[in-house]
Amino acid sequence: MSQAVVGKKYGIEQTEVSAIQRMQRVKIARLVDDNDKKPMVGRIKGVEITVPIVYGSISFWLGKKAAESTHKWTTYVRSATNEDLSVLIKKVVFQLHPSFEKPTRTADAAPFELSESGWGEFEIGITIYFHPDVGEKPMELFHHLKLYADDETIPQTTKKPVVVESYDEIVLSDPMEASFGRLRNHPAVRVTGNPPSQLALPVGENSLERRGCDTKDHALAQWFLKHSETEDMNSLTAVRQQVYAAAAKLKKDLGSLEGEILRIRATTR
């Protein structure tokens with residue numbers, strides 16, 4: 001199949017995600033404009049549900065003997081802790097480059113992923129659809145499929161893939177009563193706030209059949225990157241310290257240079 005190459009770089013390595021990129025936080029709330037507020041009927045005020053997710057891709061070079069397709073890759077949306085997301089997500093739609101046959105692909109059960117082969121890098125559109133009782137609009141994400149490492153001096157290998165992931169959080173403010181009972185005790189979910197003690201949850205709150213599975217034993221799990229807010233904050237702190245140190249050194253060097261200029265001027269008068 002023919003594909004448009006957006007960018008092409010050589011070398012294979014595991015690509016780390018920048019701390020700033022992983023610290024992005026998608027606050028879904030209800031994904032509506034300020035002028036399009038949803039009524040609070042059936043919602044639990046003062047409660048917030050947070051679901052950390054990771055989306056990205058893992059690509060393997062197929063070797064020098066590969067024909068038209070140089071890489072095999074998988075793009076996905078997973079829980080940051082590799083739990084089953086089907087408790088919240090109904091389906092994920094991946095929008096590939098139009099040169100692919102059937103560029104719109106749907107994963108209607110966890111793990112929410114898509115595997116393909118090709119030779120070009122391009123942007124993948126990812127739309128996450130929630131179960132109706134969650135009461136939220138679809139969430140749209142974009143991921144750049146990367147086949148080649150940034151460092152062109154690193155030799156290509158079929159053993160180590162290029163891994164690019166982004167960390168985000170789905171945040172449901174004032175969640176629906178209809179789904180709260182199912183979500184509140186799920187290991188992929190964090191709940192903050194205090195729901196009313198007299199809250200009467202719908203009968204059959206856990207009746208939604210879990211059609212999917214987690215990604216703890218996924219075939220690609222060894223290549224998944226680790227994501228945590230603590231690591232991200234430590235990385236940001238380290239970067240800031242490096243910047244401050246570089247700025248202090250530059251200031252010192254400039255001061256020495258200015259002093260030398262003044263000395264030279266004094267001796268030439």
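Hi everyone! The chain exposes about 15000 Å², and carbon and sulfur atoms supply 53% of that area. Please keep in mind that this is a predicted model.

Let's begin with the overall picture. The chain has 269 residues, and 42% of them are buried. Its secondary structure comes to three helices and nine strands. If you read along the sequence, the pattern is α-β-β-β-β-β-β-β-β-α-β-α. Now think about contacts with a separation of 6 or more: residues 24 or more positions apart account for 77% of them.

Which strands form it, and in what order? Four strands build an open sheet, in the order β4-β3-β6-β7, with antiparallel pairing. At the edges sit β4, residues 104-107, and β7, residues 139-144, and each of these pairs on one side only. On average, neighbouring strands here are turned by 20° against each other, direction ignored. As a reminder, strands of a sheet pair through backbone hydrogen bonds.

Take β3 and β6 as an example. Strand β3 covers residues 89-95, strand β6 covers residues 123-130, and six bridges join the two. Within that pairing, Val93 has Thr127 in β6 as its bridge partner.

Is Arg105 buried or exposed? Arg105 counts as buried because its relative accessible area is 17%, and the cut-off for buried is under 20%. Its side chain makes a polar contact of 3.0 Å with the side chain of Glu116. Leaving aside neighbours within four places in sequence, Arg105 also touches several other residues, including Val92, Val93, Phe94 and Leu114.

Conventions:
Residues numbered from 1 in each chain as written. Predicted model: local features only at pLDDT ≥ 70, side-chain atom pairs only at ≥ 80, totals over all residues. Heavy atoms only, no water. Pairing = 2+ DSSP bridges. Axes fitted to C-alpha atoms, helices over the stretch in contact; angles between N-to-C directions. Buried < 20%, exposed > 50% of the residue type's maximum accessible area, 1.4 Å probe, protein only. Polar contact = N/O pair within 3.5 Å; in protein donor to acceptor, adjacent residues only side chain to side chain. Contact = heavy atoms within 4.5 Å. Areas by Shrake-Rupley, 256 points an atom, 1.4 Å probe, with all protein chains shown as cover.
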